[in-house]
Amino acid sequence: MPEAVHFDPTSEGPLRGIRVVDLSRLVAGNMLSLQLGDFGADVIKVEPPEGDPLRQWKDEGHALFWKVYGRNKRSLALNLRDADGMAALKALLRTADVFIENFRPGTLEQMGLAPETLLADNPDLIIVRISGFGQTGPYAHLPGFGSIVEGMSGFAHRNGFPDREPVLPPLALADMIAGVYGANAVSMALLAREKGLSRGQVIDLSLLEPIVSVLGPEAALYRVTGKTKMRSGSASNTSSPRNVYRARDGKYLAVSGSTPQVARRIFELIGRSEMLADPRFATNEQRVKHREMVDEAVGAWFAQHDHDEALAIMREAGATVGPIFSPADAADDPHFTERGVTVEADDADYGALPMHNIVPRMGSTPGVWQRPAPALGEHNAEILRELGL
C-alpha cells in the first residue's frame with residue numbers, strides 16, 4: 001500500500017506567510033499554485049459561482065483531477081460581475097504576494113485589473129499572466145488551449161510513428177510544463193524581492209515557450225542541416241538501441257543504450273558482440289542511422305524470453321531496462337511503495353485517495369500536507385473575515 005499522509009492545516013512549509021491568489025482556470029495555473037501550496041503557501045483559489053472548470057473534468061463521474069490539483073488550497077467563490085465580488089477580490093489582492101490569472105490577453109485590463117493598477121495598490125505583488133502564446137505577438141489574442149500549443153510547438157510533429165498522423169499527448173502536457181516553469185519563476189521573483197533586486201513584477205508565461213524549450217535543439221538542427229527530425233515511434237533520433245520491445249509472453253519493456261558502455265553490454269548480452277565491430281553499429285551515430293537493424297537484433301532476443309526473465313537478466317548485466325507500467329502495476333511495485341512515489345491522502349468522499357507525492361524532496365524544508373481539495377466556496381466566510389468584509 002502507498003504511504004499514508006494526513007492533512008494538518010497547522011503544518012508550515014518554507015513558503016509559509018506567502019499568499020497566492022489563483023484566479024486561473026483548468027490546468028496550468030492549478031499546477032503552478034499546487035507547487036506553491038505543497039510547500040506551505042496560502043493558496044486562495046478564487047472561483048466563479050459555478051466553480052473552476054477543472055471540477056468538471058471527471059472519470060466515470062469522479063472529479064479526481066480536482067481532488068489532486070486542488071489540494072493545499074482554500075476556495076473562495078466570487079461573482080466578479082457583482083460589485084461586491086469585485087471589491088472583495090481587490091481587497092484580497094492588496095494582501096497578496098502572488099496573483100495568477102490565465103484570461104485571454106486584454107481581459108484583465110477590461111476587468112479593471114490591469115497590472116499597473118494592481119501594482120499601484122500593492123507594489124510588491126508578483127503577477128503571473130498565463131496565456132497560450134504570450135501577452136505580445138501576432139497570436140497573443142488567440143485562445144491557446146494546450147492541445148493547440150502542443151501541435152504548434154513541434155511536439156506533435158515529433159510524437160508518434162513515421163507512417164501515421166502526428167500524435168497529441170493524452171494529457172495536458174503543455175499546461176503541466178508551463179505550471180512547473182511558472183512555479184520556478186515565482187520562486188525567483190520572490191527571491192529577487194527578498195534580496196531587494198525588485199519589488200512586484202509581471203511574469204509573462206505562455207504555454208508555447210516552455211514546451212518548445214524541452215524539445216531539444218530542433219531549431220538549431222534545422223538551421224544547420226536544413227532538415228527536421230521525423231516521428232520515430234518509441235525509437236530515438238539521438239541514441240540506439242532505444243525502444244520498447246515485446247517479450248515472449250506479450251508484455252513490453254523499455255531499453256535505452258544511451259552511453260557506449262551500456263550499448264556494449266546490451267550487444268554482449270544478446271549474443272551479438274560482433275555487431276560492435278561492424279562500422280554500421282560501432283558508434284552511436286551509426287547505430288541511429290541503422291536503428292531498424294539494431295531493433296531487429298534486440299527485439300529478437302526479447303522475443304525468446306518472458307518479461308520477468310528478460311528484466312532480471314538485463315538488470316543483472318547492468319543494462320538500462322525497465323517494465324512498461326500501468327497505474328495498476330505501479331500500485332504494486334515495491335520501489336513506488338517504499339519511496340512513496342504515490343501516497344494515500346485523506347479524503348472526505350473516498351476515505352483516502354492515492355495521488356502523487358510532493359516533489360521535489362527537500363531535506364531541510366520539505367513540503368506539507370495542509371488541506372485536501374476544497375469544496376466550492378468552502379472558505380468564503382473564513383477568508384472574508386480575514387479581509388474584514
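The side chain of Ser-33 makes a polar contact with the side chain of Asp-22, at 2.7 Å. Polar contact here means a pair of N or O atoms within 3.5 Å; within protein, one must be able to donate a hydrogen and the other to accept it, and residues adjacent in sequence count only if both atoms are side-chain atoms. Keep in mind that this is a predicted model: local features need pLDDT of at least 70, side-chain atom pairs count only at pLDDT 80 or more, and totals for chains, interfaces and linings use all residues. Numbering runs from 1 along each chain as its sequence is written, and side-chain values use heavy atoms, with hydrogens and water left out.

**Around Ser-33**
- You'll find Ser-33 in helix α1, residues 27-38 (helices are DSSP runs of H or I, at least four residues; strands are runs of E, at least two; both are numbered from the N terminus).
- Ser-33 counts as buried because its relative accessible area is 0% (buried is under 20%, exposed over 50%, partly exposed in between, with a 1.4 Å probe and protein chains only).
- Setting aside neighbours within four places in sequence, Ser-33 is in contact with Asp-22, Val-43, Lys-73 and Ile-100 (contact means heavy atoms within 4.5 Å).

**Tyr-139**
- Tyr-139 sits in the loop between β6 (126-131) and α6 (146-152).
- With 44% relative accessibility, Tyr-139 counts as partly exposed.

**The whole chain**
- The protein chain has 17 helices and 12 strands.
- Its C-alpha trace spans about 80 × 50 × 45 Å along the principal axes.
- Of the 389 residues in the protein chain, 46% count as buried.
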